[in-house]
Structures are given as structure tokens and as C-alpha cells.
Amino acid sequence: MNGLKTVPLRRRTFLTGMAGMASLPAIGFGVDRAAAATPLAQISLSGPPAGPSITLAQAAATGAFSKIADKAAFNVWRNPDEVRAGITSGQMSLVVMPVQAAANMYNRGFGVRLVNTLTNGLLYIIATDPSLQTVEALRGRKLAVPFRNDTPDLILKRLLKAHDIDPEQDLSLDTTGTPVEAMQLLLSGRIDAALVPEPAASAAIIKGKASGVTVTRVIDVQKAWGETMNVPPVLPQAGLAVTEAFFEDNGNLIPELHMALVEATAAVNAEPAEAANNAASALGMPWPVLKEAIGYSNLAATRATKAKPEIESLLSILADSDPGIIGGKLPDDGFYAL
């Protein structure tokens, strides 16, 4: 579809420089692996230019998908609207997406099921002023936020509400189309802070250092969420979703697909330099940025049913004042594919 970058998943590339920085685009489950079904001819996976997609690239580079499909392709989506369009049009069947968006689509009858979660949260508020270390410190400041009315924006606004901060009155929010646009606004001095996921936070820090600007992760949003909401500091922010059509035709492959991502996640966390090398070309990002980002991406492949308590906690808090955010209610057990 338009806006998607397709990359063969088995390609390995050694990117060691920072060239191209300015143009950056914005879990254990036991199965009988010997009894896995005959691999498909090809599968296509889609994901954001963000931490969980490093896991997909790692799985591909090490042949972890070979028991699932003879060939695999990876499509990079740039904003959540592309995901919704891709799922409804049938162009995407295996896609890493925000859990909140997947729940919304499931409840609205679009047949989206969640296989697993692939991060425990990768959102940070970055700033050039190191004193902005609390949510309260954001009062009166100008803050850039990507993706209006999608997961990062919803999480931030719920945090602000909990601190009695009105985003319309008590600070200035500048919505951007991508995390990289938010990062660039910060580096240009046009805003005070930016809410971004990894690897955009790492990109800002590295690019800022190269140009003499010190950028700091002033607020770990996962920790701020836990402290504010009195819950564990975990945001099961994104995971692998599967369409009903794929699930009905190939449900027997779902456990094997999940196990490939379990192994890949362990490898990424153990060897971030190698994983960054495997993912640089696929994500279109410099190797040093991805290597740095892995340590802050909280990558963890957790099957959806095991992550259900954390998922329901997040969704309940986000939707307490607007149930429409998740399609009117918590998704039932049918949402959890594994």
C-alpha cells in the first residue's frame, strides 16, 4: 500500500555511520514444534519503525520464521491510520500495532486478534532542559506529541488528567505526524519537550550530541504511569495482531510464530549490536540509533493471555472517561489469540 516500505527479511546490513540521520522516518509458550504444520509459501509482516520491529528483523535474519514460511516480507508502516487501512483492506494480516488500537478494532467487529505483546513500554519525554523531570514540570511548557488521538497521545493526556493538568489550558501541545517530526522540533528549539517512543528518543540524543545540543530522557513514561496510577510500571503498548482470516486459515501456525518472536526477543536483548545490524536496513535507521534504543525499548514477547491483566489495566485506565477509545468496553476472551 502507499507509504509502506517492503524489505526482504533475510537481508543483513552493516551500517556503522550516522549518515541519513536527518531523514529518519519519523515470552514462553510450550508447543510441539516437531509437529508444526507445513510452512506457507510466504508471509508478510508489518510493523512500525520502532523497537518491536527490531525483534521481527532479528527473527528473520536468524531464520526463525523458516518453520512458518519459506519466504517473509516486512512492511514498515508510518502511522496508525495506515494500519487501520491495511487491515480493513486485507493488505495486512500480521501486524505489530498498538494494543489499544487492536482492542478498538476488535470491539468494532474488524476481526483483529492479539497474539502477544512485544514491549512493556517504550515512551519517553525528552527535553533539552534537564529540570523537566516530572509531569508537573510540564505546566506552561510547549510539548510535541505524535499521532493525535492514538496511543502516545492518549497515554499522555491520561497522565496529565491525573495530575490535574488541562492540555488545552495549562500547556501547549503541538501534534506531529511522526515521532521524528517531534524530535526535529525539539532539536530546532521550537518546543520545550517531546513525547516520543524508541528509537526516536535515542535518535534525538545522538543527533543532538553531534550538533552540540544535549537532549535528555527527562521522564520515563512507564515509571511515571506506574507511580501516578499506582500500578506496575508496565505499558503493554504494542504487540503482534492477526486478522480473523489469517487466524482461521493458519491458526495452527500461531504458536510457532510466537515462539520465533520469543527467541528473537531474547537474542535482541542479549546482543543489541548484532540485532541493530540485522534491523538497520529493514527499518531504514542508522545502526548506532537502534543499538542505543534496544536498551530502552523494554522488549519482551509475552503471549496475549499471559499479558491480559496488564492489558486490561492499561485499557481500563485509558478508557475511564471515554470508553470509545477501546470500542466501548474491554475486549472479551476472543481478542486473545494465544
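## A loop residue to start with

Ser-211 sits in the loop between α6 and β11. Helices (H or I, at least four residues) and strands (E, at least two) are DSSP runs, numbered from the N terminus. This is a predicted model, where local features need pLDDT of at least 70, side-chain atom pairs count only at pLDDT 80 or more, and totals for chains, interfaces and linings use all residues. Residues are numbered from 1 along each chain as its sequence is written, and side-chain values use heavy atoms, with hydrogens and water left out.

Is Ser-211 buried or exposed? Ser-211 counts as exposed, because its relative accessibility is 52%. Here, buried means under 20% relative accessible area, exposed over 50%, and partly exposed in between (1.4 Å probe, protein chains only). A polar atom of the Ser-211 side chain lies 3.2 Å from the backbone oxygen of Lys-207. Along the chain, Ser-211 and Leu-187 are 24 residues apart, and their C-alpha atoms are separated by 9.0 Å.

## Helix α5 and its cover

Leu-187 belongs to the buried set of α5, along with Pro-179, Val-180, Ala-182, Met-183, Leu-185 and Leu-186. That's seven of the nine residues in this helix (residues 179-187), so α5 is mostly covered.

What covers those buried residues? The cover includes the strands β7 (123-127), β8 (142-146), β9 (172-176) and β10 (193-197), plus helix α6 (200-210). After α5 comes Gly-189, with a positive phi near 80 degrees.

## Strand β7, covered on both faces

β7 is largely enclosed by the rest of the structure, because five of its five residues are buried. In a regular strand, side chains alternate between the two faces of the sheet. In β7, Leu-123, Ile-125 and Ala-127 are on one side, Tyr-124 and Ile-126 are on the other, and all are buried.

Now for its partners. Two strands pair if DSSP finds at least two bridges between them. β7 pairs with β10 in the antiparallel sense over five bridges, and Leu-123 stands opposite Pro-197 in β10. β7 also pairs with β11 (residues 216-220) in the antiparallel sense, over four bridges. There, Ala-127 stands opposite Thr-216.

## Helix α1 and two helix partners

Helix α1 (residues 51-61) packs against α10 (residues 272-283) at an angle of about 105 degrees, with the axes 8 Å apart. Axes are lines fitted to C-alpha atoms, for helices over the stretch in contact, and angles run from 0 to 180 degrees between N-to-C directions. The two helices are therefore roughly perpendicular (65 to 115 degrees) to each other. Ser-53, Ile-54, Ala-57, Gln-58 and Ala-61 are the α1 residues that meet α10. By class, this contact (heavy atoms within 4.5 Å) has seven nonpolar, three polar and one charged residues. Ala, Val, Leu, Ile, Met, Phe, Trp, Tyr, Cys and Pro count as nonpolar, Asp, Glu, Lys and Arg as charged, and the others, Gly among them, as polar.

α1 also packs with helix α9 (residues 254-270), at about 105 degrees and with the axes 8 Å apart. That makes α1 roughly perpendicular to α9. The α1 side of this contact is Ile-54, Thr-55, Leu-56, Gln-58 and Ala-59. By class, the contact has eight nonpolar, three polar and no charged residues.

## A buried asparagine

Asn-104 lies in helix α3 (residues 99-107). With a relative accessible area of 13%, Asn-104 is buried. Not counting residues up to four places away in sequence, Asn-104 touches Gly-324, Ile-325, Ile-326 and Gly-327.

Methods: Parallel < 35°, antiparallel > 145°, perpendicular 65-115°, else oblique. Polar contact = N/O pair within 3.5 Å; in protein donor to acceptor, adjacent residues only side chain to side chain.
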